[in-house]
Amino acid sequence: MTSALTIPRHGGTGEGTAVAARARQVVKAYGSGETRVVALDSVDVDIARGRFTAIMGPSGSGKSTLMHCLAGLDTVTSGQIFLDETEITGLKDKKLTRLRRDRIGFIFQAFNLLPTLNAIENITLPMDIAGRKPDADWLRRVVDTVGLSERLGHRPNQLSGGQQQRVAVARALAARPEIIFGDEPTGNLDSRAGAEVLGFLRASVDELGQTIVMVTHDPVAASYADRVLYLADGRIVDEMERPTADAVLDRMKDFDARGRTS
Amino acid sequence: MTVLKTSLRNFFAHKGRMALSAVAVLLSVAFVSGTLVFTDTMNTTFDKLFATTASDVTVSPKTAGGSDETPQSGRPESLPASLVAQVGKVEGVQRAQGTVMSTSVTVVDTSNKNVGPTGGAPTIAFNWTPNVLRSVEIASGHEPRGPTEVVVDGATAEKHHLKIGDTLRTIAVTGDLTAKIVGTVDFKVTNPGSTLVYFDTATAQRELLGKEGLFTQISVDAKPGVTDDALKADVAAALGGGYKLQTAAEVADAGRASMAGFLDVMKYAMLGFAGIAFLVGIFLIVNTFSMLVAQRTREIGLMRAIGSSRKQVNRSVLVEALLLGLVGSVAGVAAGVGLAVGLMKLMSAVGMELSTRDLTVAWTTPVVGLALGVVVTVLAAYVPARRAGKVSPMAALRDAGTPADGKAGKVRGVLGIVLTAAGAAALVAASRAAEAGPGSLWLGLGVVLSLLGFVVVGPLLAGGVVRALGAVVLRIFGPVGRMAERNALRNPRRTGATAAALMIGLALVAGLSVVGSSMVASATEELDRSVGADFIVQSGTGQPIVPQAQAAVAKAAGLDHVTAYKWVDAKITDPRGKVSTADLAATDPTYVKDLRREVTAGTLTDAYGKDAMSVGSDYATEHGVKVGDVLTVAFKGGGTAKLKVAAITADTGQVDNGAMYTAIPTVTRHLPADRVPNSLLLLASAKDGQETPAYQALKDALAPYPQYKVSNQADYKEELQKQVGQLLNIVYGLLALAIVVAILGVVNTLALSVVERTREIGLMRAIGLSRRQLRRMIRLESVVIALFGALLGLGLGMGWGTAAQKLLALEGLGVLEIPWPTIVTVFIGSAFVGLFAALVPAFRAGRMNVLNAIASE
């Protein structure tokens with residue numbers, strides 16, 4: 001155990017005790033011998049259910065890799081990852097695909113939508129692929145929440161960047177996944193549109209009880225989360241509960257300074 | 001310089017994406033150069049053959065036809081033996097030898113199997129003279145000595161397992177000759193497939209010409225220092241003008257001329273199919289470059305931003321095309337030589353022996369291959385290259401995502417509709433044409449215009465047709481099907497071009513199959529309507545029937561009557577003095593029962609009276625001949641007769657159009673016995689209720705004469721269908737090249753689409769699309785594109801075929817028959833083609849790493 005901090009088994013606020021996903025001694029390394037690069041270095045992490053977790057860190061810190069591994073998009077070199085009680089490390093592609101389809105939602109930084117499908121088709125796509133009927137009431141509620149009822153028939157290229165990301169959020173929410181992963185979901189948006197999307201994410205946690213994990217390098221975005229994890233050099237080096245943008249920024253500056261002097 | 005460097009780098013960086021285009025160029029160029037090498041090799045083979053067989057000067061009868069002509073009488077024109085001595089005395093003659101040569105023979109083994117070729121090359125019988133040793137050498141045994149000895153060529157002996165001591169029966173017009181094989185000879189040059197037998201001179205004269213003291217040719221060799229031309233002049237001076245004299249060079253030229261027709265037809269037909277493959281390849285190349293340019297938009301924008309001119313960008317794409325063309329063509333020329341060798345092997349399987357010794361690669365072949373390949377590739381890349389030049393520098397700054405989906409424009413729609421309408425109008429004009437000449441021009445114009453129209457309008461049709469197909473085929477696959485449909489529709493121009501490539505080949509298949517089956521249907525209908533005979537006897541090669549075989553047929557049990565049908569070469573002078581040449585049909589009077597002909601005037605049975613005949617309605621109209629008029633008929637090699645026109649037959653239908661009938665005795669009265677032609681075919685009818693035993697009796701009677709075949713009406717129809725089917729299969733085989741290139745085009749489009757949609761595929765995989773679903777999506781897109789192409793092609797082809805049939809109705813092709821089984825098979829087959837084409841692209845898409853796909857820029 002080399003991380004700077006021991007992650008508590010349950011959330012520091014004491015609100016929820018359940019864990020939606022956890023990583024145990026996860027190592028992700030590329031190459032071997034001289035050229036070996038360690039992206040994740042024995043990471044232990046618990047993602048609390050029903051909470052909004054942000055993962056921060058400078059470029060190359062391994063934050064995206066961690067998210068990809070947690071989401072079953074990438075394989076680990078060693079260690080274990082559990083989604084609820086299911087160990088996903090070692091699952092074959094078929095099972096992993098089904099797991100992503102049925103239990104996980106995604107919001108990417110860009111290129112979230114299929115250009116050939118309109119907004120509502122994009123939103124229901126994971127359920128269509130699975131051959132499931134979307135729950136009509138829930139779908140309406142999600143669509144209303146993200147404020148897209150007027151634009152459901154539009155193709156992605158007829159929507160603004162903010163609208164496109166809201167469709168992506170709606171898609172992630174519509175299937176009621178156990179956990180939603182966001183990879184810089186507001187990275188390509190101006191601050192107003194970004195705030196809008198983050199507001200929806202926050203609301204979905206508060207009102208719908210959704211579990212969300214978001215990778216970001218934007219302190220303002222991170223301030224929407226319940227808890228922020230800091231990654232550096234493949235390790236979790238710090239965490240912060242109920243962050244504010246200023247506190248996050250200060251903490252980041254600390255790391256930068258430490259990084260320079262060490 | 002930098003332009004070239006960029007082009008080279010791009011070319012090699014994207015060689016995978018160009019691979020299929022290169023293969024398309026390769027295939028087309030290989031077909032062209034293979035055709036050229038093959039036909040040149042055949043020419044070389046025949047040139048060498050004619051050059052070695054001919055003596056310095058050959059003397060033949062003035063009236064003799066070419067060496068490949070089989071006289072109807074079964075007896076070649078001859079010269080008296082005394083002439084040989086006369087020629088021998090001419091100044092400058094080293095040696096004069098009398099040659100007997102006949103192609104009117106059939107050679108069979110003891111089990112009555114024909115040892116000669118049954119199509120194409122002839123069976124030739126010769127007398128044995130030193131002249132023979134110009135072209136062959138004795139491989140085993142010795143030359144023929146006496147009436148029971150025969151020598152056969154080694155290739156035939158090997159093929160039919162003949163040994164020295166085996167017996168061969170030679171069937172000639174004078175009767176059958178049974179002789180023992182005493183030797184075999186091998187050719188010094190390539191013998192492309194003729195069977196040759198040699199007898200001693202007296203035997204050859206008796207058996208082939210009917211009596212001793214005759215020759216068909218005199219082979220004259222010059223003394224050293226005397227040129228062939230001088231010798232020819234001397235011999236001509238000594239003999240007078242009654243003979244045909246040819247130097248060795250003239251014989252070779254005549255030989256080449258007699259082959260030229262056949263070889264040229266073959267050459268241009270094959271080049272035509274190569275041209276179709278090229279046309280199809282153009283679509284593939286256009287698509288490839290369009291997609292490469294689209295995928296490289298940002299890169300090109302950057303080039304423009306840092307100062308490349310439009311022209312430089314444009315040129316860099318064209319240089320890439322040039323490289324592609326060069327690589328494809330060089331490989332294509334090499335493959336072409338291989339193809340030619342393969343073709344030669346294939347020909348040897350059907351009895352035409354060609355040797356790789358004679359393999360001829362003229363310098364023009366690689367030049368033509370390279371020029372064609374490069375020019376076509378560069379031309380095809382021109383439009384995409386221009387589009388590349390138009391990319392704005394701003395493109396570098398924009399987030400490209402996927403390239404903008406192409407839209408089909410209005411201009412295209414109008415142009416396409418105008419072209420299609422013009423094509424349709426021309427096809428209608430063709431089908432209503434009153435004369436074949438202008439009608440076929442309309443047909444050609446209609447085919448070209450409607451094809452162009454469909455190519456242009458294809459992308460616009462894609463929307464509707466793909467959606468309709470989607471409704472039928474894709475809906476059952478749920479969201480995967482829907483995404484496949486959307487993908488097929490997102491770039492109609494690309495889908496249209498990909499489908500158009502397939503459309504071309506399939507349109508030709510459909511068109512020709514309509515014509516072919518209409519041909520069979522029309523002939524069958526005609527047979528049912530007009531043929532009364534139960535059986536027909538004829539040879540497969542058009543050789544007349546020897547008298548002994550005809551006698552055997554006449555003796556067969558259970559027959560009501562046998563009708564002989566002969567062709568007599570004659571010059572006919574109408575009452576106004578206008579002369580024309582024609583083949584008179586001399587038949588037994590029972591012919592009127594065997595073939596029902598309509599008459600416009602007179603009675604056909606009267607034409608079989610003494611010195612009477614009938615004419616066709618076309619002749620009657622053209623020459624103003626009425627029933628009762630008298631025509632002057634000069635029989636070739638015989639006397640002149642005044643024949644009264646007793647009937648005029650209506651020239652409708654396919655059988656015997658324009659025939660002039662007369663009775664056999666009318667002909668024999670005016671011809672010497674050895675000039676009377678043998679029967680070209682025999683018709684026979686069984687006594688009532690005896691049809692089955694009579695058919696068997698005929699087959700038994702003809703068993704010793706395997707060169708003739710007897711068919712009843714049902715078998716005849718079946719053979720006809722088989723023949724047309726075989727012909728169509730050959731054409732389909734040649735069209736397969738174009739279809740293969742079109743399939744490569746589908747593979748190419750899908751493979752490049754998969755590359756282009758990397759991020760999309762990653763996204764779909766991330767949110768839970770399984771590999772299997774992804775592969776299915778790509779396969780379905782492929783199937784829809786293929787079905788779209790098939791639908792257009794089959795529709796177009798059936799239109800062409802119908803117009804062609806209506807036009808050919810003038811030539812007796814009266815029945816239109818759409819071969820639905822073929823059409824449906826092709827349609828369903830193209831769905832499988834789609835599945836097949838998607839195999840590799842789908843596999844590769846499935847293998848794509850989800851993360852890389854998401855991260856891909």
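In this predicted model, helices are DSSP runs of type H or I with at least four residues, and strands are runs of type E with at least two, numbered from the N terminus.

Q: What percentages of helix and strand does chain B have over residues 495-696?
A: Chain B as a whole has 25 helices and 24 strands. The stretch 495-696 is one of two that the unreviewed UniProt entry annotates as "domain: MacB-like periplasmic core", the other being 19-237. The end C-alpha atoms of residues 495-696 lie 59 Å apart, and the composition of this stretch is 33% helix and 33% strand.

Q: Which residue is the bridge partner of Leu584(B) in strand 22 of chain B?
A: Strand 17 (residues 579-587) and strand 22 of chain B run in the parallel sense and are paired over 4 bridges. Within strand 22, the residue bridged to Leu584(B) is Met660(B).

Q: How many residues on the side of chain A that touches chain B are charged?
A: The contact involves 22 residues of chain A and 21 residues of chain B. Helix 2 (93-103) and helix 3 (119-130) of chain A each contribute at least two residues to the side that touches chain B. That side of chain A comprises 11 nonpolar and 5 polar residues, while the number of charged ones is 6.

Definitions and conventions: Residues are numbered from 1 along each chain as its sequence is written. Chains are lettered from A and ligands numbered from 1 in the order in which they are written. This is a predicted model: local features need pLDDT of at least 70, side-chain atom pairs count only at pLDDT 80 or more; totals for chains, interfaces and linings use all residues. Two residues are in contact if their C-beta atoms, placed from the backbone, lie within 7 Å. Ala, Val, Leu, Ile, Met, Phe, Trp, Tyr, Cys and Pro count as nonpolar, Asp, Glu, Lys and Arg as charged, and the others, Gly among them, as polar. Two strands pair if DSSP finds at least two bridges between them. UniProt positions are given in the numbering used here, feature names are shortened, and annotations may be inferred rather than shown by experiment.
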